[in-house]
Amino acid sequence: MGNVRIAGRYAKSLLDLCIEKNQLDATAADMHCLHQAFTDSRELRNLLSSPVVKADAKSDVLEKVFGKSVSPFTMAFIKLLTSKRREQYLGEVAESFNRQLLAHRGIVRSRRTLWRRNPNTIRTLKALRPKYWSSVSDS
């Protein structure tokens with residue numbers, strides 16, 4: 001994985017802006033789509049990380065590939081990353097955004113399933129702790 005700090009910061013900024021502009025659901029769907037595209041397409045990852053390909057060409061490719069499938073809000077964010085020469089981190093930003101979105105919504109990822117963290121679930125786990133587990137995190 002490339003630079004996780006850069007990806008995390010851009011993802012956090014995007015999440016905050018989405019909340020402020022009420023674009024969270026649309027952007028979440030777009031980021032899921034972007035992450036899947038980067039996971040599936042080695043060619044796309046290679047193109048965006050190549051120093052030989054000019055920024056204009058990368059921007060054009062991203063516009064043609066994602067321009068009609070993502071919201072204008074997300075496309076503006078993609079263009080921002082490209083203008084800052086951070087397009088090679090787009091897949092990592094999408095992944096980080098998805099993780100931060102889950103945390104924002106209070107969803108905890110376990111090994112096999114997703115569950116929403118709430119007081120009733122925590123009380124139940126604490127009650128079962130002595131019987132089944134030697135240690136269950138209180139956090």
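A residue is called buried when its relative accessible area is under 20%, and exposed when that area is over 50%; anything in between is partly exposed. Keep in mind that you are looking at a predicted model.

**Stop 1: Asn 98**

Select Asn 98, which you will find in helix H6. Is Asn 98 buried or exposed? Its relative accessible area is 18%, and because buried means under 20%, Asn 98 counts as buried. Now show its surroundings. Setting aside residues within four places in sequence, Asn 98 is in contact with Ala 28, Met 31, His 32 and His 35.

**Stop 2: helix H1**

Next, select residues 4–21, which make up helix H1. This helix has 18 residues. From its first C-alpha to its last it reaches 25 Å, close to the 26 Å expected at 1.5 Å a residue.

Now colour the buried residues of H1: Ile 6, Ala 7, Gly 8, Tyr 10, Ala 11, Leu 14, Leu 15 and Cys 18. What covers these buried residues of H1? Show helix H2 (24–40), helix H5 (72–83) and helix H6 (90–104), which are among the parts that cover them.

**Stop 3: Leu 15**

Stay in helix H1 and pick Leu 15. With a relative accessibility of 4%, Leu 15 counts as buried. Which residues does Leu 15 touch, not counting those up to four places away in sequence? They are Leu 24, Phe 97, Gln 100, Leu 101 and His 104.

Try the distance tool on Leu 15 and Gln 100. They are 85 residues apart in sequence, yet their C-alpha atoms are 7.7 Å apart in space.

**Stop 4: an aromatic pair**

How many aromatic pairs does a search of the whole structure find? The search finds one. Select Tyr 10 and Phe 77 to see the pair: it is edge-to-face, with 6.5 Å centre to centre and 65° between the planes. Tyr 10 lies in helix H1 and Phe 77 in helix H5, so the pair ties together parts that are 67 residues apart in sequence. Both Tyr 10 and Phe 77 are buried.

**Stop 5: the largest nonpolar core**

In soluble globular proteins, nonpolar side chains tend to be buried together. Here, the largest nonpolar core has 28 residues. Select Leu 34, Phe 66, Val 93 and Phe 97, which touch the most other members of that core. The elements giving two or more residues to this core are H1, H2, helix H3 (42–49), helix H4 (55–66), H5 and H6. H1 provides the largest share of this core, seven residues.

Zoom in on Phe 97. Not counting residues up to four places away in sequence, Phe 97 touches Ala 11, Leu 14, Leu 15, Cys 18, Leu 24, Thr 27, Ala 28 and Met 31.

**Stop 6: Thr 74**

Move to helix H5 and select Thr 74. Thr 74 has a relative accessibility of 1%, so this residue counts as buried. Leaving aside neighbours within four places in sequence, Thr 74 is in contact with Thr 27, Asp 30, Met 31 and Leu 34.

**Stop 7: two loop residues**

Where is Asn 22? Look in the loop between H1 and H2. Asn 22 has a positive phi of about 60° although it is not a glycine. Its relative accessible area is 69%, so Asn 22 is exposed.

Then select Arg 85, in the loop between H5 and H6. The phi of Arg 85 is also positive, near 60°, in a residue other than glycine. At 58% relative accessibility, Arg 85 counts as exposed.

**Stop 8**

Finish by selecting Cys 18 and Cys 33. Cys 18 has 0% relative accessibility and counts as buried, whereas Cys 33 is partly exposed, with a relative accessible area of 31%. How many disulfides does the structure hold? The count is zero.

Note on methods:
Residues numbered from 1 in each chain as written. Predicted model: local features only at pLDDT ≥ 70, side-chain atom pairs only at ≥ 80, totals over all residues. Heavy atoms only, no water. Disulfide = S-S within 2.5 Å. Buried < 20%, exposed > 50% of the residue type's maximum accessible area, 1.4 Å probe, protein only. Helix = DSSP H or I, 4+ residues; strand = E, 2+ residues; numbered from the N terminus. Expected span 1.5 Å × (residues − 1). Contact = heavy atoms within 4.5 Å. Phe/Tyr/Trp six-rings, centres within 6.5 Å; stacked < 30°, edge-to-face > 60°. Core = buried A, V, L, I, M, F, W, Y, C linked by side-chain atoms within 4.5 Å.
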